[in-house]
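Please open the structure in your viewer and keep the selection tool at hand.

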Number of protein chains: 2
Amino acid sequence: MNIRETDRPTEAIRSRILDAAEERFRTYGYNKTTMAEIATDVGMSAANLYRYFNNKQDLAAACASRCMGARSQILREAIRQPGLSASGQLRAFVRGTLQYSWDNTNKQPKINELVATIASQRQDIVHEKIQEQTALLAEILAYGNQSGEFEVDDVIRTARALYATLTLFEVPLFMSLYELEEFERLAQDVVALLIKGLEKRTH
Amino acid sequence: MNIRETDRPTEAIRSRILDAAEERFRTYGYNKTTMAEIATDVGMSAANLYRYFNNKQDLAAACASRCMGARSQILREAIRQPGLSASGQLRAFVRGTLQYSWDNTNKQPKINELVATIASQRQDIVHEKIQEQTALLAEILAYGNQSGEFEVDDVIRTARALYATLTLFEVPLFMSLYELEEFERLAQDVVALLIKGLEKRTH
DNA sequence: AAACTGAATAATCAATATAATATTCAATAT
DNA sequence: ATATTGAATATTATATTGATTATTCAGTTT
């Protein structure tokens, strides 16, 4: 039987499996985690895991997807803080992006490596995550347009462009390039430049 | 004896070794190229290579550095075409950056892999290349300031920020994310946004 | 002395065997 | 019928060893 997407109890078990797998992957890494160990942690046989995930790779992919989703969630909360202007939201977005990448790279290297591996193999997941982040940026732009702070013609397209400019602060590969302080300064300068490009001109 | 930097004939031989090595690396890759083969190509013994490079890795690093330098040279020529406005130069820079990365990734995969490996091991080389590219961007900004097209306060700092925003178009790792046409559109949108941020405002 | 080489040594790679693990499946329990 | 398992099989990782290659160095040539 195929894996069902809509079954609630099945989903709950999938989630428990992912919890166990993530914990193992975080501590020991992908290669040194066995299906048998995950199964034991969740209280079932290794064979039964295959009712919930096609294979170990798929399990890891779901795990990675979940981790990337956590990033989106954190950013969502960061920009939705009350009282922020649109440019304040954008600053919060970039600050949050950098901070998350930095922390992840340095504090969760095993998970991070997993995510990098999956990202290089599963473009569909990467595009899904790009889409999530871009939607957040679009939200900021739309708000800026509405408040009169920004003047953005094509919100979606500009959100995509904006996201593209933030690659350096997003991808763990680059985290070793600079010290955190240097990175933060650079991020500030980038944001300042971008905001200037978005702002409404008073002719 | 240590490797001398200033000796002309020695430099010429170093250069010939690099030519031979680059050709081998390009065709067969780093691992499947032996020091003996490079030595034969250049007409000397393998032992003698060690008078010019400390080891194979250093030779590869010099080779990678040279390849990255070629990129800078191409971009330099692209932006120094006569008749370009500052924003035209910036567009040429970004177009050139993307095109070079794209071509390299698809047409010189072996060399590309070598460069990626060296880049991950030798940050000093990466920073040197960032410096080269940033200098070109600074040149564009200074020109824009002078022509009245741009209004940039701190040219160096803004050049660094600009360079940071172009990471997606620079790093081969990302070239598989989009089709070339999609990438070009994205690059255009990014440049348009950046130019808006740089332009002099008429209050 | 500086550039170079052949031969010796050290480090790395490739092939093979072995062990561990992923995955499947027939059978059992819920 | 669905969820589960133990055991069988297929795949992948690990360890071992022989072969290749990188590196050194004493000695030769320029």
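Begin by selecting residues 123-147 of chain A, which form helix H7, together with residues 155-165 of chain A, which form helix H8. In this predicted model, the two helices pack at an angle of about 120 degrees, and their axes lie 8 Å apart. Because of this angle, H7(A) is oblique to H8(A). The crossing in which H7(A) passes H8(A) is right-handed.

Now display the side chains where these helices touch. On H7(A), select Ile130(A), Gln133(A), Thr134(A), Leu137(A), Ala138(A), Leu141(A), Ala142(A) and Asn145(A). Their partners on H8(A) are Val155(A), Ile156(A), Thr158(A), Ala159(A), Arg160(A), Leu162(A) and Tyr163(A). Coloured by class, the residues of this contact between H7(A) and H8(A) comprise ten nonpolar, four polar and one charged.

The contact on the H4(A) side consists of Ala61(A), Ser65(A), Met68(A), Gly69(A), Arg71(A), Ser72(A), Leu75(A), Arg76(A) and Ile79(A). Facing them on H7(A) are Ile125(A), Glu128(A), Lys129(A), Glu132(A), Gln133(A), Leu136(A), Glu139(A) and Ile140(A). By class, the contact of H4(A) with H7(A) holds seven nonpolar, four polar and six charged residues.

**The whole of chain A**

Which secondary structure elements does chain A contain? There are ten helices and zero strands, so that a reading along the sequence gives the pattern α-α-α-α-α-α-α-α-α-α. The C-alpha trace of chain A spans about 70 × 40 × 30 Å along its principal axes.

**A salt bridge within chain A**

Select Arg24(A) and Asp41(A), whose side chains meet in a salt bridge at 2.7 Å, N to O. This pair links distant parts of the chain, 17 residues apart: Arg24(A) belongs to helix H1 (residues 8-28) and Asp41(A) to helix H2 (residues 35-42), both of chain A. Over all chains, the structure holds 30 salt bridges.

**The interface of chains A and B**

Show both chains and turn to the contact between them. Chain A contributes 33 residues and chain B contributes 33 residues. Between them the two chains bury about 2700 Å², of which 65% is on carbon and sulfur atoms. On the chain A side, select Leu177(A), Leu193(A) and Arg201(A): these supply 20% of the area that chain A buries against chain B, more than any other three residues.

How many salt bridges are found across the interface of chain A and chain B? The rule finds two. To view a salt bridge between the chains, select Arg157(A) and Asp189(B), whose side chains meet at 2.7 Å, N to O.

Finally, select helix H7 (residues 123-147) and helix H8 (residues 155-165) of chain B, which pack at an angle of about 120 degrees with their axes 8 Å apart. H7(B) and H8(B) are therefore oblique to each other, and H7(B) passes H8(B) in a right-handed crossing. Among the residues that meet here are Leu137(B) and Leu141(B) in H7(B), and Ile156(B) and Leu162(B) in H8(B). The residues of this contact of H7(B) with H8(B) divide into ten nonpolar, four polar and one charged.

Note on methods: Residues are numbered from 1 along each chain as its sequence is written. Chains are lettered from A and ligands numbered from 1 in the order in which they are written. This is a predicted model: local features need pLDDT of at least 70, side-chain atom pairs count only at pLDDT 80 or more; totals for chains, interfaces and linings use all residues. Side-chain values use heavy atoms; hydrogens and water are left out. Axes are lines fitted to C-alpha atoms, for helices over the stretch in contact, and angles run from 0 to 180 degrees between N-to-C directions. Helices (H or I, at least four residues) and strands (E, at least two) are DSSP runs, numbered from the N terminus. Angles under 35 degrees count as roughly parallel, over 145 as roughly antiparallel, 65 to 115 as roughly perpendicular and the rest as oblique. A crossing is left-handed if the near helix is turned anticlockwise from the far one by less than a right angle, and right-handed if clockwise. Contact means heavy atoms within 4.5 Å. Ala, Val, Leu, Ile, Met, Phe, Trp, Tyr, Cys and Pro count as nonpolar, Asp, Glu, Lys and Arg as charged, and the others, Gly among them, as polar. Buried area is the accessible area (1.4 Å probe) that two parts lose on being put together, summed over both. A salt bridge is a side-chain nitrogen of Lys or Arg within 4 Å of a carboxyl oxygen of Asp or Glu.
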